[in-house]
Amino acid sequence: MVDEHGELKPIVYMLDPYHPRAVARCRELFHLIGPNDPQNAEWKEKARYVLVGQCKITAKDIAEARRLRAIGKQGVGIDGIDQAACKANGVQIFNTPGINKGAVAELTLGLALAVAREFGPVTRKQTAGITVAKKMCSGQLLSGKKVGIIGMGNIGTAVARAFRGALGVSLIAYDPYVPTTTWNDIPHTRVENLDDLVRKADVVTLHCPLKEDTRDMISYREMCLMKPTTILINAARGGVVNEDDLLRALQEKVIWGAGIDVYTQEPPTPERYGKLWEQNVISTPLLGAATDKTQGDTAVAAVERLFGFVEQY
């Protein structure tokens with residue numbers, strides 16, 4: 001296929017379904033081989049450029065895709081792509097940081113409020129046909145409390161603004177990778193170690209990538225440092241919170257409850273997580289960016305970022 005100037009369009013293989021707006025934009029810029037096209041199965045042999053959403057790209061995939069030059073990734077997280085293999089083979093990765101920050105911040109605030117008011121246990125009982133009287137419930141107020149934010153990037157910043165704007169909370173922040181001048185316009189207390197944050201915060205919410213130094217960064221040890229009334233929120237990546245330790249901490253009433261949007265197994269299943277969901281837990285299946293607008297915006301951005309590389313290559 002040719003573009004409006006009569007030049008051949010670059011070919012891109014879309015390995016996951018993308019939002020219709022992104023598909024339309026992709027067709028303007030590329031010759032698109034979509035996920036339902038029989039030719040899609042040939043991407044490892046032929047592709048120079050691919051677009052992905054949730055599918056994994058392994059080191060084996062990279063080794064077999066010898067013509068591959070760049071991957072466009074919808075969303076922020078790239079832990080599903082073997083980054084070391086990409087670097088070794090000169091394959092560029094283009095994700096879409098920052099675009100989903102508002103949607104994730106809204107979900108984070110919603111999870112915290114739902115856990116504080118015990119929406120999980122109450123709705124499970126009602127759904128099971130059990131009458132729940134007001135006197136059986138005793139939730140928490142979050143207004144004026146201390147919210148500890150782990151990760152001061154785009155999403156962490158949006159979360160900070162959401163909590164302050166809605167509930168007038170005090171903020172505690174931890175991020176060893178950003179300058180001391182970060183959040184100069186947001187009132188907060190910056191701590192130098194994670195223990196200080198988890199001891200002081202009434203809500204602990206994570207917004208950091210999954211890397212070797214962040215895997216299991218919240219385990220049973222850190223939960224034992226928290227208050228019995230602490231609410232833990234993970235809308236970052238599965239694996240940042242140790243799931244077995246979280247179940248134990250909730251069963252032992254070490255912390256109040258948890259809101260979990262990300263898991264090591266996605267989508268999460270009752271077989272794997274049923275016992276966890278019996279606790280004061282609100283569970284959502286990776287809904288942080290799952291709004292129509294956000295899905296469209298992040299998908300279009302992945303297409304355009306990839307095309308920007310192609311134009312310069």
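Asp 16 lies in the loop that joins β1 (11-14) to α1 (20-29); helices (H or I, at least four residues) and strands (E, at least two) are DSSP runs, numbered from the N terminus. The structure is a predicted model, in which local features need pLDDT of at least 70 and side-chain atom pairs count only at pLDDT 80 or more, whereas totals for chains, interfaces and linings use all residues. Residues are numbered from 1 along each chain as its sequence is written, and side-chain values use heavy atoms, with hydrogens and water left out.

Asp 16 is buried but has no salt bridge, and the nearest side chain of opposite charge, that of Lys 73, is 7.6 Å away. Buried denotes under 20% relative accessible area, exposed over 50%, and partly exposed the range in between (1.4 Å probe, protein chains only). A salt bridge requires a side-chain nitrogen of Lys or Arg within 4 Å of a carboxyl oxygen of Asp or Glu; Lys and Arg count as positive and Asp and Glu as negative, while His and the chain ends are not counted. The side chain of Asp 16 does reach the backbone nitrogen of Cys 55, at 3.0 Å. When neighbours within four places in sequence are left aside, the residues in contact with Asp 16 (heavy atoms within 4.5 Å) include Pro 35, Leu 51 and Cys 55.

A search of the whole structure finds zero disulfides, a disulfide being a pair of cysteine sulfur atoms within 2.5 Å. For Cys 55, the nearest cysteine sulfur is that of Cys 86, 12 Å away; Cys 55 is partly exposed, with a relative accessible area of 21%. For Cys 208, the nearest cysteine sulfur belongs to Cys 224, at 20 Å. Cys 208 is buried, its relative accessible area being 12%.

Val 147 is found in strand β6 (residues 146-150) and counts as buried, at 1% relative accessibility. Beyond its neighbours within four places in sequence, Val 147 is in contact with residues including Phe 163, Leu 171, Ala 201 and Thr 205. The C-alpha atoms of Val 147 and Arg 164, which stand 17 residues apart along the chain, are separated by 9.2 Å.

The protein contains 12 helices and 12 strands. Its radius of gyration is 22 Å, close to the 20 Å given by the globule rule for 313 residues, so the protein is as compact as a globular protein of that length; the radius is taken over C-alpha atoms, and the rule is 2.2 Å times the number of residues to the power 0.38. Of the 313 residues, 50% count as buried.

How values were computed: A polar contact is a pair of N or O atoms within 3.5 Å; within protein, one must be able to donate a hydrogen and the other to accept it, and residues adjacent in sequence count only if both atoms are side-chain atoms.
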